[in-house]
Amino acid sequence: MLIKIKNLNKVYRTDEVETTALNNIDLEISAGEFVSIMGPSGCGKSTLLNILGLLDFADSGQYLFENTEVNKLNDRQKAELRKLNIGFVFQSFNLIDELSVFENIELPLIYQHISKKEREEKVNHYLDKMGISHRKKHFPQQLSGGQQQRVAIARAVVSNPKLILADEPTGNLDSVHGTEVMELLTNLNEAGTTIIMVTHSQQDASYSNRIIRLLDGSILSETKSTASVNTI
């Protein structure tokens, strides 16, 4: 089991308002799954994704990542677990404008102290795999939205993470580029990478193996995805 969470709760408080973002969430995700999380705005989707990615933390409950209890780790250990195991793909791409395509993809490997030669090999491999080798010296603002998301996916997978967390990965793309991105994620999943994706799109969710629907911070339903989607 890659992920197991039990009785997970998250409440946001201000001086006047208390908002329950997650309410007693129980969830298990096996290695190799492709899971979509759906629900209306404000239902807790992104909060759950951020907690799974160790970008935010629950108020109570248990989170096990490969049988390691995350809540018992200190900040340095959490950062190390995230760095070595989790890649992120965001709706807004989150590329660094001052860095070239090559440098954006290379960045996670620098943080892991990978040698320059190995970095070059890995980055060039994923540039080729994503079909953007001809753009490696360009900067993000010189790319289309679809190309930027390909760079973001390459950056997410260049360090071979066990888990990719994708937050509305096609939200800023037209239908053609959105389909390309979903096919890329599907191919990565078929190669063994676990993917958890937040989406409003039923079409995007149809690429996954399982769909989890949230409402008011609670799991409303879990269903197996039965749609057949062609991949590249």
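Predicted model: local features only at pLDDT ≥ 70, side-chain atom pairs only at ≥ 80, totals over all residues.
Some ground rules: residues count from 1 along each chain as its sequence is written, and side-chain values use heavy atoms, leaving out hydrogens and water. Local features need pLDDT of at least 70 and side-chain atom pairs count only at pLDDT 80 or more, while totals for chains, interfaces and linings use all residues.

Okay, helix α2, residues 75-85. Helices here are DSSP runs of H or I, at least four residues, and strands are runs of E, at least two, numbered from the N terminus. Which residues of α2 are buried? Lys78, Leu81 and Asn85, where buried means under 20% relative accessible area and exposed over 50%, with a 1.4 Å probe and protein chains only. They sit on the same side of α2 because they cover an arc of only 60° around the axis, taken from the directions from the helix axis to the C-beta atoms. Over on the other side, Asp75 and Arg76 are exposed. The buried ones pack against β4, β5, β6 and β7.

Now the cores, meaning buried Ala, Val, Leu, Ile, Met, Phe, Trp, Tyr and Cys residues joined through side-chain atoms within 4.5 Å. The largest has 33 residues, and Ile105, Met130, Ile153 and Leu185 have the most contacts inside it. Helix α5 gives the most to this core, 6 residues. Met130 touches Ile153 and Leu188, among others, leaving aside residues up to four places away in sequence; a contact is heavy atoms within 4.5 Å. There's also a second, separate core of 30 residues, including Ile3 and Leu52.
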